[in-house]
Amino acid sequence: MPLDTSTYSLALLRIDGRRWNDLRRLHAQIHTQDAADGSSYLEMGHTKVMCVVTGPAEPQAGQQKRGTGGGGQAGGQKDGASIVVNVVVAGFSSVDRKRRGRNDRRIQEMEITIQKALAANLHVHLFPHSTITVSLHVLSQDGSLLAALINATTLALIDAGIPMTDYITACTAGSTSSYAAGDDSADPLLDLNTQEEQELPYLTVATLGDSDKVAVLVCESRVQVSRLEGMLVVGVDGCRQMRRLLDGIVRQKGSKMIKEGAVQRSDMMAVSLED
Amino acid sequence: MAQQTLLSPAELAYLHSSLSLSPPIRPDGRTSKQFRPLTAETGILPGTNGSARVCLSDGTEAIVGVKAEIEKTVDPLGGEHYQEYVKSASGVGGGDAEADRSAARGEWLEMTVEIPGLRDDDAGTVFLAELLREALLADGEFAKKLWINRRFHWRLYLDILLISPPLSYPLPLLSLTTHLALLATRLPRLKSEGDEDPMFDDDWEAAPFLYPREGATTGPRPSITLLVVAVGDSILFDPSKEELAVADSALAVSLCEVRTQREQGGMEVDSGRELRLVSMRTIDPPSRLTPPGVPSTANLAASGTSDTTQQKQQQRAEEHPQEGVWKAPLGGTRFAVLDSIMQAVLEKGGVADEVLDGLEGVDLA
């Protein structure tokens with residue numbers, strides 16, 4: 001079903017009633033599963049993903065091959081942990097049931113993108129001869145899938161306590177008119193859903209912490225180069241908003257753990273426990 | 001499938017002997033028929049026809065989503081006979097619906113299991129999916145629920161996701177999650193009649209459940225599959241990973257509850273459930289792959305000498321198992337063990353009753 005983009009200019013409201021720079025509702029939980037070293041659940045609108053992190057652990061015989069396939073840590077067993085990312089897209093996640101095998105190109109590309117971003121961000125040199133396995137499950141998809149996966153991975157890695165430089169937060173940004181319209185004055189949009197993704201050019205951007213350092217940038221659609229800068233600026237700004245939200249969730253969980261007595265309170269903690 | 005436990009032969013022997021005591025002493029202090037606690041919820045994914053999530057107390061977690069699609073029924077034999085059958089039936093208008101329903105086929109249910117870190121065409125995964133599918137279809141009533149009319153039927157896709165790494169053999173977890181998801185499954189209400197193209201009520205609230213809830217609910221409920229292991233003479237339900245590692249044999253027992261209406265107007269108020277054993281399958285326990293222990297009499301490193309008498313002793317030790325020395329179990333399951341498993345499962349107030357009572361406590365969204 002084609003998306004009617006012509007109404008946007010009338011009220012400056014998108015199809016789901018958001019303004020151009022509104023994120024969808026974000027809901028996230030950390031430590032959703034007791035058996036795993038780290039786990040998280042993240043909802044961005046109707047996109048729902050789960051992440052389970054295992055490790056750093058001794059590499060298993062079967063995993064070693066796949067981990068090196070993604071480049072980055074190839075042969076890096078001696079001086080750092082290798083990172084293995086598995087994405088499983090559930091058959092029931094989209095509106096029409098579609099089964100995607102493990103060898104699906106899109107899924108493999110997402111795996112490699114996440115793996116490379118993590119390899120640069122995590123302090124893997126602290127864990128030689130080991131593997132960090134990140135398995136991601138997509139339960140429901142409605143746009144911004146890669147962004148949701150990256151955000152969920154960040155939360156799960158924080159839960160697992162694996163040292164990293166900073167949060168990697170991701171977000172999508174698009175443009176209000178299609179490539180064919182050739183409209184150079186098109187406004188940028190933040191956080192697209194499936195309908196918008198199918199119709200409009202968009203990119204996924206992930207940044208490191210509060211800085212403007214771009215960790216991941218994926219753009220698979222045709223877009224005029226003049227529009228790219230605007231989209232990128234909006235995307236990076238969205239990542240900053242996302243970081244604030246995720247940080248809030250992590251802090252909330254942390255203060256809850258201290259209140260429950262799961263963690264000893266120490267003088268070194270800079271967490272304010274007022275709320 | 002289940003990860004190999006890192007237990008030494010001495011540990012295995014110790015575990016085996018304490019489990020074969022009467023009553024058995026289990027590492028986590030449970031009785032032989034006691035299950036581990038679990039948390040469950042249903043209706044977690046609004047985008048599916050039915051969904052459920054179950055977390056076991058050992059931390060393993062599974063999610064099941066059910067999706068239904070309409071499909072045109074094609075003739076299984078590809079002949080004119082079927083066309084005639086459709087025509088004649090539509091001419092008469094109606095006919096015997098029960099007889100038509102028997103044309104339902106098991107292949108309308110499709111099942112997949114996804115386990116992280118394993119290939120999706122892994123033999124173990126495929127076996128697991130087929131085991132669960134077979135147990136569901138074995139009652140012969142399930143496929144009939146998918147029948148719409150002579151020309152159309154529902155195709156049901158059941159996708160099982162194991163979220164956690166496979167810490168123990170995930171069969172009971174997946175089976176319980178599937179059971180709950182099917183109980184929470186609803187299909188749109190049919191508005192059209194007879195053999196015309198199906199039309200459905202778009203009010204989701206009016207959609208009936210695949211397995212009706214209240215009132216006169218008769219017929220079988222979705223089956224559950226329990227894992228039972230035999231160690232020596234004792235039978236253990238819901239084995240943990242360590243217990244599975246010393247099991248003499250492991251069995252997957254599938255059973256379903258059949259609700260019958262009692263219309264005799266008798267005095268019986270308590271309508272007890274009728275349990276039906278659907279299938280029983282042996283599963284290759286990981287204990288078959290454990291290395292054997294060496295008795296100290298045959299241990300050359302301990303005695304330091306190796307003469308012919310000792311070699312003979314060693315041979316004898318290999319032939320006859322010694323008390324306290326681990327040896328991987330061989331052979332099948334004794335009939336007495338099978339019999340007592342069936343007894344324990346099917347008796348009134350037995351294990352199956354307990355599990356089904358527990359599952360009934362789950363709030364179905």
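**View 1. Val54(B) stands opposite Ala62(B), a residue of β3(B).** Strand β2 (residues 50-56) of chain B runs antiparallel to strand β3 (residues 61-72) of chain B, and 6 bridges join the two. Strands, as DSSP runs (E, at least two residues), and helices (H or I, at least four) are numbered from the N terminus, and two strands pair if DSSP finds at least two bridges between them. This is a predicted model, in which local features need pLDDT of at least 70 and side-chain atom pairs count only at pLDDT 80 or more, while totals for chains, interfaces and linings use all residues. Residues are numbered from 1 along each chain as its sequence is written, and chains are lettered from A and ligands numbered from 1 in the order in which they are written.

**View 2. The open sheet of chain B has 5 strands in the order β1-β2-β3-β5-β4, with mixed pairing.** Because β1 (38-42) and β4 (109-114) of chain B stand at the edges with a single partner strand each, one side of each is left without a neighbour in the sheet. Neighbouring strands of this sheet are turned by 15° against each other on average, direction ignored.

**View 3. Helix α5 (residues 171-183) of chain B lies across β1, β2, β3, β4 and β5 (152-162) of chain B.** The helix runs at about 145° to β2(B), where axes are lines fitted to C-alpha atoms, for helices over the stretch in contact, and angles run from 0 to 180 degrees between N-to-C directions.

**View 4. Chain B, with 24 residues, is in contact with 22 residues of chain A.** Contact requires C-beta atoms, placed from the backbone, to lie within 7 Å. On the side of chain B that touches chain A, β3(B) gives the most, with 5 residues.

Note on methods:
Contact = placed C-beta atoms within 7 Å.
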